[in-house]
Amino acid sequence: MSNCAIVGINWGDEGKGRMVDLLTEDYDIVIRYQGGGNAGHTVINEYGKFALHLLPSGIFREGTLNILGNGVALDPENLLTEIDDVASKGVSVTPKNLKISDRASLLLPWHRDLDCLEEARLADKKYGSTKQGIAPFYSDKYQKKTIMAGELFYPDELRAHLRDLLEWKNLTLTRVYGSEPYTMTMLEKWLKEACERIMPFICDTKELLKEAQRNGKKILFEAQLGSLRDLDYGIYPYTTSSNTTAAYAPIGSGCPSAKVDDVIGVVKAYSTCVGEGPFVCEMFGEEAETLRKAGFEYGAKTGRARRVGAIDIVATRYGVEVQAATEIALTKLDVLSYMDKIPVCTHYLVNGEQSDIFPFPCALKDAKPVIEYFDGWKCDISKARSWDNLPKQAQDYVTFIEKEIGCPITYISVGPERDSIIIRK
Ligand code: GDP
């Protein structure tokens, strides 16, 4: 397979980072094609433990070219913090191994403010934003009210553009939210302190990718979050503000003619969901607390405790369809080793009727989970490196999920480290 996308099938946090880190060895180029600094990919490797937010996970591999595509929310301040963090642990990040599309739009300083102001206005009706400015950024991008990274090389046009945006945005900041206005001096400071340092990384990645495709280079597309957070197909409005689906990879990465040959959908062996929104299979009380602790389910960016539940076959099957996944990586199977009986949400009951169809977002609140229990294996599986090393109960659990979601499970992850993996193909 030449090109591959690694995507989330559920609500995000499925362990995409560890899968990209594992597979980058086989690819020449890794591209982040959507999202911003609002979620984190956790990667554990020989350099240490990292929570990557914007940097592509291929940054740790020598010889791999990493690209931030035009579809990302490019937050220069966050990106620099991340570059400094990985550099401090011995990972070299230079314009040779990291390139930023000149068509990536910039997350401007007021986007974070607007996120906080709007969440405060919404009070108890809030969507659970990570307050990184992502929703205000994408709405401004589609209103054509932000700037593209390449504009940094045109100082006169850039300043004229920023002055126009400033005048417009101050109307919202002051009149809608009663907040302080921004000034050109503040923007000049941001240009100097944040933008100047990222300029060496910015180039026309479209031309570079055309050349790479001509030369048969293999591309890995890296997504953030999961199917159920996709702006169009997810649990709107509790979605993110971009398309998390593999179908968006060619657009957001800057190679619109690329064919995505293989889509690896990452599914966690149980469910987790951060923030607000309907979550049919949610567990509560002690059962939830024990699973949360076993899986260390706390947000990589915010530290927020994640909501947890049984694996949800209805939502996962839908996620597989939305991503057009060709194979599945099932992660964190080891976390379930403590359970006597493993719950699986096999169907939904909607208004008393059993259903296998993932409902329209408004109807999710009426869906109740139908839970079946599988025998636990009650032993440590974190050292298993082949299918035959897995106890029969674990094999039965995996085989059942595979059959129900209709997609082959080719990777089974039994620990966070790069080599804690069973490859089944
Ligand atoms: P991502 O955004 O999809 O990359 O997911 P996160 O990084 O937010 O969450 C995945 C978490 O699970 C990270 O802390 C990983 O180190 C950890 N992890 C990934 N795979 C496994 C696994 O198979 N077993 C265990 N125990 N932890 C894992």
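Predicted model: local features only at pLDDT ≥ 70, side-chain atom pairs only at ≥ 80, totals over all residues.

User: Moving to ring pairs: how many aromatic pairs does a search of the whole structure find?

Analyst: The search finds 13 aromatic pairs. One of them joins Trp-110 and Tyr-182: the ring centres are 5.5 Å apart and the planes stand at 85°, so this pair is edge-to-face.

User: Where do Trp-110 and Tyr-182 lie?

Analyst: Trp-110 belongs to helix α3, while Tyr-182 is in the loop between α5 and α6 (184-198); the pair therefore ties together parts that are 72 residues apart in sequence.

User: Is Trp-110 buried or exposed? And what about Tyr-182, buried or exposed?

Analyst: Trp-110 is buried because its relative accessible area is 1%, under the 20% limit. Tyr-182 has a relative accessible area of 12% and is buried as well.

User: What sort of pair do Tyr-348 and Phe-358 form?

Analyst: Theirs is a tilted pair, with 6.4 Å from centre to centre and 50° between the planes. Tyr-348 is in strand β16 (residues 341-350), and Phe-358 is in the loop between β17 (353-355) and β18 (367-375), 10 residues apart. Both Tyr-348 and Phe-358 are buried.

User: Which residues form one aromatic cluster?

Analyst: The cluster consists of Phe-374, Trp-377, Tyr-397 and Phe-400.

User: Now the core. Which residues touch the most other members of the largest nonpolar core?

Analyst: That core has 54 residues, and Phe-221, Ile-328, Leu-333, Leu-336 and Tyr-397 touch the most other members. Helix α11 (residues 392-405) supplies the largest share of the core, 6 residues. Domain 1 (4-102 + 201-264) and domain 3 (266-423) both contribute residues, so the core lies between them.

User: Which residues does Ile-328 touch, not counting those up to four places away in sequence?

Analyst: Ile-328 touches Ile-9, Gly-265, Val-267, Val-320, Ile-405, Cys-407, Pro-408, Ile-409, Thr-410 and Tyr-411. Apart from this core lies another, of 41 residues, which includes Phe-50, Val-86, Leu-106 and Trp-110.

User: What joins the side chains of Ser-413 and Arg-18?

Analyst: They are joined by a polar contact of 3.0 Å. Beyond its neighbours within four places in sequence, Ser-413 is in contact with Arg-18, Leu-330, Thr-331, Lys-332, Leu-333, Asp-334, Ser-420 and Ile-421.

User: Last topic: which are the buried residues of helix α4?

Analyst: In helix α4 (residues 134-142), the buried residues are Ile-134, Pro-136, Phe-137, Tyr-138, Asp-140 and Lys-141.

User: What covers the buried residues of α4?

Analyst: The cover includes β6 (73-74), β8 (105-106), α3 (109-122) and α5 (155-176).

Note on methods:
Residues numbered from 1 in each chain as written. Heavy atoms only, no water. Polar contact = N/O pair within 3.5 Å; in protein donor to acceptor, adjacent residues only side chain to side chain. Contact = heavy atoms within 4.5 Å. Buried < 20%, exposed > 50% of the residue type's maximum accessible area, 1.4 Å probe, protein only. Helix = DSSP H or I, 4+ residues; strand = E, 2+ residues; numbered from the N terminus. Core = buried A, V, L, I, M, F, W, Y, C linked by side-chain atoms within 4.5 Å. Domains from an automatic or database assignment. Phe/Tyr/Trp six-rings, centres within 6.5 Å; stacked < 30°, edge-to-face > 60°.
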